[in-house]
Amino acid sequence: MENSSINKKDNIVIIGAGIPGIFSALYLSNLFPRKSIHIIESSSKIGGLYNSISDPIGGTFDKGMHIIYETCIKEIDDLIRNSMPDNEWIFLEGNSKDIAGVYHNGILEKDSPYMHINSVGKRRLNTCQSELFKSLENQSPTFKDCNNAFEFYEKRFGFSTTKYLIEPVIKKLWNMPLKKLHPASTRIVLMDRLRMFSKNATLDLMKSELIRSRIAFPNQMELDLKYRNNQRGLYPKNFGMSNLISALEKKLNDAGVTIHKGSEIISIHKKDDYINSIKFKTNKNNLTINDIHLLHSTVSSSKLLRLFDLNLDNFAYDKNLEQSYTFMLLKEPPNMDKLYYYFCFQKNMKTYRVTDYTAYCPSAKRNLKSLYEGDLWPICVELHYKNKVPKKEKIVRDATKELLLTKVIKSKKQVIFSRVEPAGGFPVLSIKNCKLIEKSNEKLNDLNIKNLLLAGQSPEKGIFFLHDILKNIYELINNYTN
């Protein structure tokens with residue numbers, strides 16, 4: 001294996017070529033057009049979870065539901081949006097920005113992604129309602145005001161609703177009790193409100209901010225837009241987030257950014273308070289980049305610790321759930337109405353989320369004569385397993401069985417094609433895991449390296465979703481350059 005060096009002056013190195021890393025490279029190339037920018041990516045493709053899977057028989061599938069939600073910061077949103085012409089985008093606005101449902105208590109709720117308080121059962125309903133109105137004496141808590149997820153929901157709804165309605169769902173989703181989960185975990189699925197009243201009653205009660213922050217409007221498509229922000233969802237008109245990734249890769253190439261795919265960092269060298277070189281290996285040779293102006297990591301800080309000879313005492317994360325994608329083609333539309341996706345809150349079911357791609361991108365529908373003489377509707381079923389992921393045949397059986405239970409499909413014969421893809425571990429935002437992430441960040445920050453920027457997920461700070469991460473990167477880069 002050959003060793004070679006990149007000795008151009010003023011190199012900027014970005015670790016990770018997911019959308020955060022891609023955005024960083026493009027934004028930094030605008031700020032520093034004369035510097036050489038490099039992205040180091042371990043995969044053979046860029047885009048991370050936002051890239052699509054291409055099957056030679058079934059066609060293109062996204063890894064679950066991925067829509068680009070605007071940050072409402074013009075510089076960020078323009079940079080992503082301008083990678084493709086406006087006529088190549090679908091703009092999802094107002095009540096159509098995000099149409100979600102929930103399967104709970106044997107019913108697929110298509111009008112709202114929120115559970116109904118009646119789900120606690122008649123015996124506990126009066127207690128839950130009285131505790132809820134007692135909670136109105138205080139402002140709704142944010143996750144930063146609480147020590148754990150149980151405390152967040154208890155302050156929001158009361159003890160009984162938290163214990164008997166929310167806790168069973170959380171245990172199903174994360175295989176962990178609320179008191180062991182970080183309050184940031186409450187942002188992952190829509191459980192910060194409950195449906196309680198009729199449309200007219202809800203409209204009247206929503207005049208109160210204290211109440212509005214706790215109750216959900218019964219029909220998401222009829223919500224007054226004054227209660228929505230101006231954020232839009234964006235999706236390529238031609239189905240597949242891979243279209244966006246390809247457009248962004250072209251933009252990177254046009255900006256002169258070098259992408260080192262299939263690369264693994266071997267070492268990072270620093271002198272005084274600055275990183276001056278980084279060594280990594282590719283399939284062909286070992287490369288060293290010298291004269292580093294900035295090293296910007298968009299991956300988990302825990303992955304960098306060993307490169308600085310750091311470690312965490314008793315380093316052991318709480319086990320993540322094993323996740324699997326099952327992509328299917330149906331010979332009839334899924335029985336989901338307008339839902340883009342729904343979460344499954346049903347106890348003892350392995351389904352986490354089901355996505356109907358055609359609901360937000362009509363071109364997802366396909367006609368494949370080799371499979372079926374007629375239109376086919378693609379869906380994705382994400383399943384979580386507590387232990388080892390079973391064989392692919394078993395995963396397909398699980399997905400099909402649960403689609404039948406939810407009545408999304410009428411019979412097994414509706415499924416014409418299926419493909420299973422492992423998704424790795426689904427992160428569990430336990431208190432322990434979030435503390436370890438925080439400690440990793442602290443250890444790296446304590447090195448006081450002046451040309452190192454860390455910008456991965458920081459759930460404890462509310463930085464988890466893509467639009468949160470992009471805003472954080474934007475602020476970090478601007479603070480660094482100023």
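Reader: Hi! What kind of model is this, and how are its residues numbered?

Author: Hi! It is a predicted model, where local features need pLDDT of at least 70, side-chain atom pairs count only at pLDDT 80 or more, and totals for chains, interfaces and linings use all residues. Residues are numbered from 1 along each chain as its sequence is written, and side-chain values use heavy atoms, with hydrogens and water left out.

Reader: New topic: is β8 enclosed or open?

Author: Strand β8 (residues 100–104) is largely enclosed by the rest of the structure, because 5 of its 5 residues are buried. Buried means under 20% relative accessible area, exposed means over 50%, and partly exposed is in between, using a 1.4 Å probe and protein chains only.

Reader: Which residues are on each side of β8?

Author: A100, V102 and H104 are on one side, with G101 and Y103 on the other, and all of them are buried.

Reader: Which strands does β8 pair with?

Author: One is β17 (residues 341–344), which runs parallel to β8 and is joined to it by 4 bridges. There, V102 stands opposite F343. Another is β9 (residues 107–109), which pairs with β8 in the antiparallel sense over 3 bridges. In that pairing, Y103 has L108 as its bridge partner.

Reader: What's going on at N105 in that hairpin?

Author: The hairpin of β8 and β9 has 2 residues between the strands, and N105 takes a positive phi near 55 degrees there.

Reader: Where else is there a positive phi in a residue that isn't glycine?

Author: D291 has a positive phi of about 50 degrees, and D309 has one near 55 degrees. D291 is in the loop between β14 (285–290) and β15 (292–297), while D309 is in the loop between β15 and β16 (321–330).

Reader: Are those two buried or exposed?

Author: D291 counts as partly exposed because its relative accessibility is 36%. D309, at 72%, counts as exposed.

Reader: Okay, helices! How do α1 and α2 cross?

Author: The axes of α1 (residues 19–31) and α2 (residues 74–81) come within 11 Å and cross at roughly 105 degrees. The two helices are therefore roughly perpendicular to each other. For the wording, angles under 35 degrees count as roughly parallel, over 145 as roughly antiparallel, 65 to 115 as roughly perpendicular and the rest as oblique.

Reader: Which residues meet there?

Author: From α1, I19, F23, L26, Y27 and N30 meet E75, I76, L79 and I80 of α2. Contact means heavy atoms within 4.5 Å.

Reader: Why is α2 called largely enclosed?

Author: Because 6 of the 8 residues of α2 are buried. They are I76, D77, D78, L79, I80 and R81. What covers them includes α1, β6 (68–69), β7 (89–92), β10 (233–236), α8 (242–254) and α11 (466–481).

Reader: Last one: where is T400, and is it buried or exposed?

Author: T400 lies in helix α9 and counts as buried, at 9% relative accessibility. Leaving aside neighbours within four places in sequence, T400 is in contact with M328, I409 and K412.

Key
Two strands pair if DSSP finds at least two bridges between them. Axes are lines fitted to C-alpha atoms, for helices over the stretch in contact, and angles run from 0 to 180 degrees between N-to-C directions.
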